Amino acid sequence: MLEATKDSFRKLNPVSLMKNPVIFIVGIGAVLTTVVVFTNIFQGSFSGFNFQIAIWLWFTVLFANFSEAIAEGRGKAQADSLRKNRTETLARKMNGTKEEAVPAPQLKKGDVVVCETGDVIPSDGEVIEGIASVDESAITGESAPVIRESGGDRSAVTGGTKVISDRILIRITCEPGDTFIDRMISLVEGAQRKKTPNEIALSILLSGLSIIFLLAVVTLPAFFAYSLKASGLPMTQNLTIPVLIALLVCLIPTTIGGLLSAIGISGMDRLLQRNVIATSGRAIEAAGDVDVLLLDKTGTITLGNRMATNFVPAEGVSPEELADAAQLSSLSDETPEGRSIVVLAKEKFGLRARDVQQHNAVFIPFTAQSRMSGVDLTGDDGKIRHIRKGSSEAIRNFILNQDGFFPKNVEDTVTELAQMGATPLVVAEDDKVLGVIHLKDIVKGGIKQRFEQLRSMGIKTVMITGDNALTAAAIAAEAGVDDFMAEAKPEDKLQRIRDEQASGRLVGMIGDGTNDAPALAQADVGIAMNSGTQAAREAGNMIDLDSNPTKLIEVVEVGKQLLMTRGALTTFSIANDVAKYFAIIPAIAIALYSGKSGVGPLSALNIMHLGSPESAILSAIIFNALIIVLLVPLALKGVKYKPISASKALSQNLIIYGLGGLVAPFIGIKIIDMLINLF
Amino acid sequence: MTTNDWMQILLFLVLLIGLTPILGTYMYKVFSGKKHFMLPVLGWLERFTYKFSGVKADEETNWKGYAFGLLVFNLLGFIVVFLLQLFQAQLPFNPAHLPAVSWHSAFNTAVSFMTNTNWQGYAGETTLSYTVQLLGLTVQNFVSAATGIAVILAVIKGLSRKTTDLIGNFWVDITRATVYILLPLSILFAIFLVGQGVVQNFSPYETAHTLQGQTQVIPMGPAASQIAIKQLGTNGGGFFNTNSAHPFENPTPLSNFLEMLCILLIPAAMTYMYGKMVGSVRHGWIIFSAMFLLMIAGLGISLYGEFSSNPFFAHLPLMEGKETRFGITNSVMWSTFTTDASNGSVNCMHDSLSPLSGMVAMINLMLGEVIFGGVGSGLYGMVVFIILTVFIAGLMVGRTPEYLGKKIEAFEMKMAMIAVLAPNVAILIPTAWAAVSQMGLSSLNNAGPHGFSEILYAFSSAAGNNGSAFAGLNANTPFWNVMLGIVMLIGRFGVIFPVLAIAGSLAKKKIAPPSEGTFRTDNWLFVGLLIGVILIVGGLTHFPGLALGPIVEHLLMNSGVAF
């Protein structure tokens, strides 16, 4: 807070003020008024009224600066903590096969370094050999270590993170000073902050309005000169510079002008709080505009793994019997599916893992050729039980080879389950089919409601999966997505994005792998998961440090909230003008056509019954300054956001900020006027 | 007000609403190249025009080409009208032997008729010969209206096309507008007017001997043909000085009623055509509604101003400056409609309206002539306000603003602001100058706030390309003629060029299909928003001026002070 206050004075520098045309005008007005006050003092007269106008004009500028400083302050704190993590350590650079100690900042793109347990990774790079667990809490704040390995989608490592176990070779992928942490620091500090396209357009609107009102104010002395003459009053009663400036400052949209950059910075900040880093403000705006979201099924819509949810026995087989065989066949199966079968059998029938050694169990692992796994148990009588589980085709072959038969009801169950989007696993013992395990993709809790909200906001969701169309359709229906792409290849994704864009829609997606990179680059909002490859991180315009695919939805919400805040405060600011006119015009025109009474007919416009012309003008300008400070929390937090349709959002915001903007200044100015006249 | 007054207002409004879709559908067919019933009748004229002028009808241009064509065409029009006036003494059909017009008046009139303003700094019957009236003014009445239509057609193409540079062919657009819309309607209406008693001849002025034994010169001329287009093309430049208060321009109650209807007919129908062409008839009606409501509000205040008690006339309505044949209601209706649409023809003297009614007329001008407005120009002016509304309020739905699927970005904003700024600059700065300079003040007939209103009204009328005068101001001086001419130019082209630039920029963009998340421009909420933005952005700038003019005059009048 103290820092922000200091900063608001530092920002009085004309060069930095110039970036904000509306506040710059207020600044010029403040200087002019101050000059008038001092000139008067030198001429031996002091106008307390002018002095107060000058003071409040300076406050208006300072309050605007303050709002920006406070928004930046939050980013700075974050940057400071990041800076602590920047490594100044010695890197172990590989020179052929020899190791060589080099200061981290001297590493160039293409260098290869080695990191072992306890080493801090010196710069951003890609693992080219080995596998290690890495503590990335420095950038993600998440303390659980993550696995980084060569090849595949988890090969990127970030400078400043720490290897906890094992040894990896890393190829450095960035030049010094341009590491991920460096960029993060500059982003959160706002050093590279450029105005976003919508901010530019809005600035043009605000500047245009300021020019219009400047014209209205500049021409007013001439209008007054005519009216004074017509009322038989001396020209010395014409409007003074401080009064004109007060009127101008009240009319130009200072509220939104003062808060505009704070709104933008705090939008970035809100993303950061959700552990998402946007590489540009433009990306956040685009997020608000997204029409279509491409979502990977696995991890976003469904929990990562399929789970056994039911046992469907064949005719003449009891469920326990099936569960028992299924559990036995899965005891050594370390896949999540296998484990879920063991757990389900335990939960449903109280079957516990038995000591398999005593049965002389021989486990048959899953192979791509056999497409089944299982166990061979040698009983006490020396008879061998062959228990197998696998896809229906694999088991059918297994059974037929032993002259068994594949029961009709099992076949029906298999088809039925497949149609439901589940994966049926058939269990057999020797030549007898025991039944089917129902393996199901578990759709994440609450995701359906989430998609409904998105739909009401006009956003279409498309599920992307490698599953076949039948399975995909079933899951899509269960999750409530609008559309799905089955058996999707990376090219299909890219094509889909292009098609949607060609029809005028904006597309958002989240991805991690190298094969996602083209699609991430093509998408209007491409969020790369931090756990992903370097290629993906480069291609996206946002990075999700938590690597949580559902983030995409939150990012959209942040984008929408940012735009809404901007619109709400613009509307509020413009609507304010009505009341200010009613405060100032009767005040400055009170003497016109007044005859002897001194109170002219235009005082009829003083509908607020403000105490005196001076107090009216002061109240307006004080209200104008204070409202900026009062709205700082709103600018930082953003307007209340609910996932509702555009029409509903509009009517709600319009009642609060449009109607509020009309009414609030009438009340505010009246109260301030009463306070002024009290003293 | 009598029941008769109410009935007449109601009938007028019902007819206006009823005719909008009918004419709108016809114009939609004409401009989207569909088959329509006038094609067999007048198709030859369109084809002949292209052949004669060497226009390649199927070649389209980008916005700069379009703007260039428009500029060249208007410049030619200006030169012709300017020269015709300077040399009218040497030209035929000048039975009154009128001398050459002064350079500044000729400049003013040429600009005025080129820009569809039709401000008249002169008295028609004592200044201009039949040749100038016919070849100069009547021709400009048609083509200046057609120019306005061409601009809105370019905007429509910008909105309905995607990823292209091309926004149409200016020459085709003005030809079609003239041949299929303005010409047939004018001929029809001119014939009707002749039937009502409007003169249409080339005879010299008649001299009559009155009962008092004095002589009176009665002006003649080809009036009906010019009056028809003056009403339909929102031109408003009268054949005679007293405009539609003159019995030869507006002889009967029926002619008065239909002349009023013709003021608003095409601008109103444009909204329907617009909606149909941009793919949302509903949106067209929504624009119509916003205009309609603003018009009704103005009419209401104006009627109140005239009928409410007035301490000077024993609380009787004011008849000064009104034609007794038409009475108060018809005068107020006309004054409201003629300033809503940038027509500017009058059937009563606006100078003599009550302060409130005068203020309504002035506000109508100041809002940029978007309450139906000029033929074409009212709607493209409205599009500028729509873009502002969409931008300001559109953000509140949490998307960057879009209008009919087109993103509104920095360039559109810049151009829209120029289009809003231009008329405001043209009103405020010259008014300020005239209010403090001898050149400006010496032309005033009235003192006090009323004199100020006269100045403010004149520049507002010129900037809005309306052309009606508050009168009471002798504007036929070099200062006023030149200043008003410049203001008309800024008010016309300061809006047309940015609007064409917007059209060009929009044409290049994609069209985002609407969804639940889209800002709707086809519901009543939007009507409210649009009206709010028009009043606040377009009107608030003029609050100080209005306060020092009509508002203070009204307040003074109620306390018994007049000027």
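Across the interface of chain B and chain A, 14 residue pairs are in polar contact, both residues being at pLDDT 80 or more. A polar contact is a pair of N or O atoms within 3.5 Å; within protein, one must be able to donate a hydrogen and the other to accept it, and residues adjacent in sequence count only if both atoms are side-chain atoms. On the side of chain B that touches chain A, at least two residues each come from helix H13 (377-394), helix H14 (410-436), helix H16 (448-463), helix H18 (524-539) and helix H19 (543-558) of chain B. The most is given by H14(B), with 14 residues. Helices (H or I, at least four residues) and strands (E, at least two) are DSSP runs, numbered from the N terminus.

The model is predicted: local features need pLDDT of at least 70, side-chain atom pairs count only at pLDDT 80 or more, and totals for chains, interfaces and linings use all residues. Residues are numbered from 1 along each chain as its sequence is written, chains are lettered from A and ligands numbered from 1 in the order in which they are written, and side-chain values use heavy atoms, with hydrogens and water left out.

The size of an interface is often given as the accessible area lost when the parts come together. Chain B and chain A bury about 5200 Å² between them, and 78% of this area is on carbon and sulfur atoms. Buried area here is the accessible area (1.4 Å probe) that two parts lose on being put together, summed over both. In chain B, the residues that lose the most area to chain A are Met396(B), Phe543(B) and Leu548(B), together 14% of what that side buries. The contact (heavy atoms within 4.5 Å) takes 62 residues from chain B and 65 residues from chain A.

Between chain B and chain A the count is 2 salt bridges, a salt bridge being a side-chain nitrogen of Lys or Arg within 4 Å of a carboxyl oxygen of Asp or Glu. Asp291(A) and Arg399(B) meet through their side chains in a salt bridge, at 3.0 Å from N to O. Over all chains, the count comes to 38 salt bridges. In chain A, Arg396(A) forms a salt bridge with Glu411(A), with 3.4 Å between the closest N and O atoms. Arg396(A) lies in helix H14 (residues 392-401) of chain A and Glu411(A) in helix H15 (residues 408-419) of chain A, so the pair ties together parts 15 residues apart in sequence. Relative accessible area is 27% for Arg396(A), which is partly exposed, and 32% for Glu411(A), also partly exposed. Buried means under 20% relative accessible area, exposed over 50%, and partly exposed in between (1.4 Å probe, protein chains only).

A further salt bridge joins the side chains of Glu500(A) and Arg496(A) (3.1 Å, N to O). Both residues lie in helix H18 (residues 490-502) of chain A, 4 residues apart, about one turn of the helix. Glu500(A) is buried at 6% relative accessible area, and Arg496(A) counts as buried at 16%. A network of salt bridges links Arg92(A), Glu99(A), Glu116(A), Asp119(A) and Arg167(A). In chain B, the side chains of Arg325(B) and Glu323(B) meet in a salt bridge at 2.5 Å, N to O; Arg325(B) is partly exposed, at 33% relative accessibility.

Helix H8 (residues 223-232) of chain B is mostly covered, with 10 of its 10 residues buried. The buried residues of H8(B) pack against helix H6 (130-160), helix H7 (170-196), helix H9 (253-278) and helix H11 (327-340) of chain B. Thr234(B), with a positive phi near 40 degrees, follows H8(B).

Phe288(B), in helix H10 (residues 281-307) of chain B, is buried with a relative accessible area of 4%. Leaving out residues up to four places away in sequence, Phe288(B) touches Ile17(B), Thr20(B), Ala268(B), Thr271(B) and Phe372(B). Asn465(B) is found in the loop between H16 and helix H17 (478-508) of chain B and is buried at 6% relative accessible area. Beyond its neighbours within four places in sequence, the contacts of Asn465(B) include Thr115(B), Ser342(B) and Arg492(B).

Glu369(B), not a glycine, has a positive phi of about 55 degrees. Glu369(B) is placed in the loop between helix H12 (355-366) and H13 of chain B and counts as buried at 2% relative accessibility.
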